[in-house]
Amino acid sequence: MYDHPMPAVQKLTVNELWALFPDETHVRHELIDGVHFVTPTPITRHQVLVSRLSFEIELYLRAHPGLGQLFGVPLDVVLSAHDVVEPDLILITADQLEILTPKNVQGAPALVVEVLSPSTRRRDIGIKRQLFDRAGVREYWIVDGKLNRIEIHRRDTGRLLRLADQIAADDGGVLTTPILPGFAFPLDRLFAR
């Protein structure tokens, strides 16, 4: 029931979506190209992975003040009049702080992280990756807790869709990114049971 778009006669706008569900807290509402998606709250494994990633990135940011700010769900990221998403983690770097507003993010974050869930896997790999490409996201991490690996999609020659790297815990993979110089997080610690 949850991962199916609601049929729409015309595209919804972000303001129309917020007016429909002003106080909803147990599900995620997202618009992608004006189509409304409803997702249940994540399972515990999902939340463990988000928490570990968030903790490691936050530790790095505290040691390197002024590089940026990390945010988690729930926080709306408005990418256009017909696109609002709530990624698991987003990083706003120091050169783009103007996209932060008191209520939400108005533009493409430098880094977007989605941890795959059974109900969101196809959307995160497919139309969300395409949306982040169009919007100008610099880097998109797709975290797969089932396979204990991360796909890193990095902007190159104006496109995000290129798979820059795929790292796995079983191969001794270490998560790094040019967005956070010197950041290194061994995947065996991320995916430990």
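## Buried and exposed

A residue is called buried when its relative accessible area is under 20%, exposed when that area is over 50%, and partly exposed in between (1.4 Å probe, protein chains only). What you're looking at is a predicted model, where local features need pLDDT of at least 70, side-chain atom pairs count only at pLDDT 80 or more, and totals for chains, interfaces and linings use all residues. Residues are numbered from 1 along each chain as its sequence is written, and side-chain values use heavy atoms, leaving out hydrogens and water.

## Helix H2

Helices (H or I, at least four residues) and strands (E, at least two) are DSSP runs, numbered from the N terminus. In helix H2, the buried residues are Arg45, His46, Leu49, Val50, Leu53, Glu56, Ile57, Tyr60 and Leu61. Looking down the axis of H2, they fall within an arc of 140° (taken from the directions from the helix axis to the C-beta atoms), so they line one face of the helix. Over on the other side of H2, Thr44, Phe55, Arg62 and Ala63 are exposed.

## Two aromatic pairs

Rings of Phe, Tyr and Trp (its six-membered ring) pair if their centres lie within 6.5 Å; planes under 30 degrees apart are stacked, over 60 edge-to-face, and the rest tilted. Searching the whole structure turns up two aromatic pairs. One is Tyr60 with Phe183, edge-to-face at 5.8 Å centre to centre and 85° between the planes. Tyr60 sits in H2 and Phe183 in the loop between strands E12 and E13, so this pair ties together parts 123 residues apart in sequence. Tyr60 is buried at 7% relative accessible area, and Phe183 is buried too, at 5%.

Phe132 and Tyr140 have ring centres 4.9 Å apart and planes at 70°, so this pair is edge-to-face. Both residues, Phe132 and Tyr140, are buried.
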